[in-house]
Amino acid sequence: MQTSNFASGLWIETACPAPETPPLDGARKADVVVVGGGYTGLSAALHLAEEGADVVLLEAETLGFGASGRNNGQVIPTYTRHNPDDVVRAYGAKQGERLNRWVGGSADLVFDLIRRHDIACDATQQGWLQPAHAASRLAGLRAKHDQWAARGAAVEMVDRDTMATMTGSPIYHGGWMNRSGGHIQPLSYARGLAHAAILAGASVRCQSPALEIRREDGCWRILTPRGTVDADTILLATNAYTDALWPGLAQSIVPVRSFHIATTPLSANIAATVLPGGHGFSDTRQSLWAFRKDRNNRLVTTCMPFTPFGARRTLQRSTLARLRQAYPQINDTAFDYVWDGKVAMTTDRLPRYHELAPGIHTGLGYSGRGIAIGTAMGRFLADRALKGHGTEPPVPTAPLKTLPLHDLIVPLSRFLVLYYRWRDARA
Ligand SMILES: Cc1cc2nc3c(=O)[nH]c(=O)nc-3n(C[C@H](O)[C@H](O)[C@H](O)COP(=O)(O)OP(=O)(O)OC[C@H]3O[C@@H](n4cnc5c(N)ncnc54)[C@H](O)[C@@H]3O)c2cc1C
């Protein structure tokens, strides 16, 4: 059993090699500095370099060290909570539909980038499933489907028998599928974006934490332990791993700790019955049940323990119980990997874009949908850096708002798991 240390997580075992990313050394200038080497930052750096900008990306640790190297790999072009009509109600028709188009097209952006840059990340775009864990949830999924269908999305309802065949699980009541979704090897995708960005001319520097941002000689200066970069524009792409670099940014989202667990490879005959078409899914539970197989037929699933104390053993026990329920054909299995990461949640589960100061931009708070939406945010941030206010933000620009009692919210958010389980059981 490996521990939750990033370097011993599942994805590092099967990821494509990382490019050379030496630490920043000495003083230099750039057009744009990107802080954070996950999907948001790497997508921004790639899009900027492709447009000929001189861009330096600073990552405190290694590529994909944050959530981008630890997630479940499901590429999901929908909101965590809202339906498209809710977004129109909240933001008005023009802004709401812009956001709907942006979110709805985000998975295609991911898979287009993968194809265009030949990124070897076990990508499969054969649809993302959301099964109903209770019959009462079907009406909500039907509304989701209908509202996305009305906007031309490639979605379909899936009846109970077909869902049982597609998931290989007998417990679901049907559901819906978004055909533009799919899954990837998360760390390979991050490394592949970095390869592409470097090839396009970006300078990607790992082990280079941005320690301070200063206004010097009419531009921004970022200080790292061994070097500095001066630029007119800075893009902060640090999401749930945000530190104290910009006052109040870390306090504007709730970093929720989420655990993942991977079984030993399933035997060929069992693997043929579990997600036989290679789909991935997250069901309608708020306490998060998501499943996918990796290239070695390990089943990779989420778990949200109430307490992290003794988490490894508790997690294995509760995950085995859950597997026996969802996949009775897996009567017993061992778990080879358990790891965790931080998910950046917002109070309304919608992403945020802020212009923190003239020339300093950030996008964050994807609430568990950041593979597709983070990639799209990176492209938008690149556009903003290049074209300034000539490009419309996909989400309304809002002033940075810190959450009251943030220090308390973070530990208390754990109690939500109990509430979610209670709600899920009563659905
Ligand atoms: C366990 C788990 C499962 C998930 N499953 C899914 C899923 O299946 N589908 C999905 O769409 N989303 C999923 N997510 C969410 C998704 O992974 C994230 O939304 C996405 O990776 C965010 O990318 P990012 O680039 O914005 O941030 P990150 O990938 O977190 O990158 C931020 C980076 O900033 C760096 N950094 C921070 N401060 C500094 C500094 N001062 N200087 C330099 N660097 C700094 C960090 O080291 C980090 O590498 C999951 C998340 C977790 C944790």
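Thr333 is placed in the loop that runs between helix 10 (311-326) and strand 18 (335-345). The model is predicted, and the description below refers to that model.

With a relative accessible area of 15%, Thr333 falls under the 20% limit and is therefore buried. Its side chain is joined to that of Thr264 by a polar contact of 3.5 Å. When residues up to four places away in sequence are not counted, Thr333 touches Thr263, Thr264, Leu320 and Leu323.

## Tyr337 in strand 18

Strand 18 contains Tyr337. This tyrosine counts as buried, because its relative accessibility of 8% is under 20%.

Thr263, one of the residues touched by Thr333, also has a spatial relation to Tyr337: the C-alpha atoms of Tyr337 and Thr263 are separated by 7.2 Å, although the two residues are 74 residues apart along the chain.

## Packing of helix 2 with helix 8

Helix 2 (residues 39-50) packs with helix 8 (residues 186-199) at an angle of about 25°, and their axes are 8 Å apart. Because angles under 35 degrees count as roughly parallel, helix 2 and helix 8 are assigned to that class. Their crossing is left-handed.

On the side of helix 2, the contact is made by Tyr39, Leu42, Ser43, Ala45, Leu46 and Ala49. Helix 8 contributes Pro186, Tyr189, Ala190, Leu193, Ala194, Ala196 and Ala197. The residues of this contact divide into twelve nonpolar and one polar, with no charged residue.

## Packing of helix 2 with helix 11

Helix 2 also packs with helix 11 (residues 370-387); the two axes come within 7 Å and cross at roughly 40°. Helix 2 and helix 11 are therefore oblique to each other. The crossing of this pair is right-handed, whereas that of helix 2 and helix 8 is left-handed.

From helix 2, the residues Tyr39, Thr40, Ser43, Ala44, His47 and Leu48 take part. They meet Gly370, Ile371, Gly374, Thr375, Met377, Gly378, Arg379, Leu381, Ala382, Ala385 and Leu386 of helix 11. By class, the contact of helix 2 with helix 11 has nine nonpolar, seven polar and one charged residues.

Definitions and conventions:
Residues numbered from 1 in each chain as written. Predicted model: local features only at pLDDT ≥ 70, side-chain atom pairs only at ≥ 80, totals over all residues. Heavy atoms only, no water. Axes fitted to C-alpha atoms, helices over the stretch in contact; angles between N-to-C directions. Helix = DSSP H or I, 4+ residues; strand = E, 2+ residues; numbered from the N terminus. Parallel < 35°, antiparallel > 145°, perpendicular 65-115°, else oblique. Left-handed = near helix turned anticlockwise from the far one by under 90°. Contact = heavy atoms within 4.5 Å. Nonpolar A, V, L, I, M, F, W, Y, C, P; charged D, E, K, R; others polar. Buried < 20%, exposed > 50% of the residue type's maximum accessible area, 1.4 Å probe, protein only. Polar contact = N/O pair within 3.5 Å; in protein donor to acceptor, adjacent residues only side chain to side chain.
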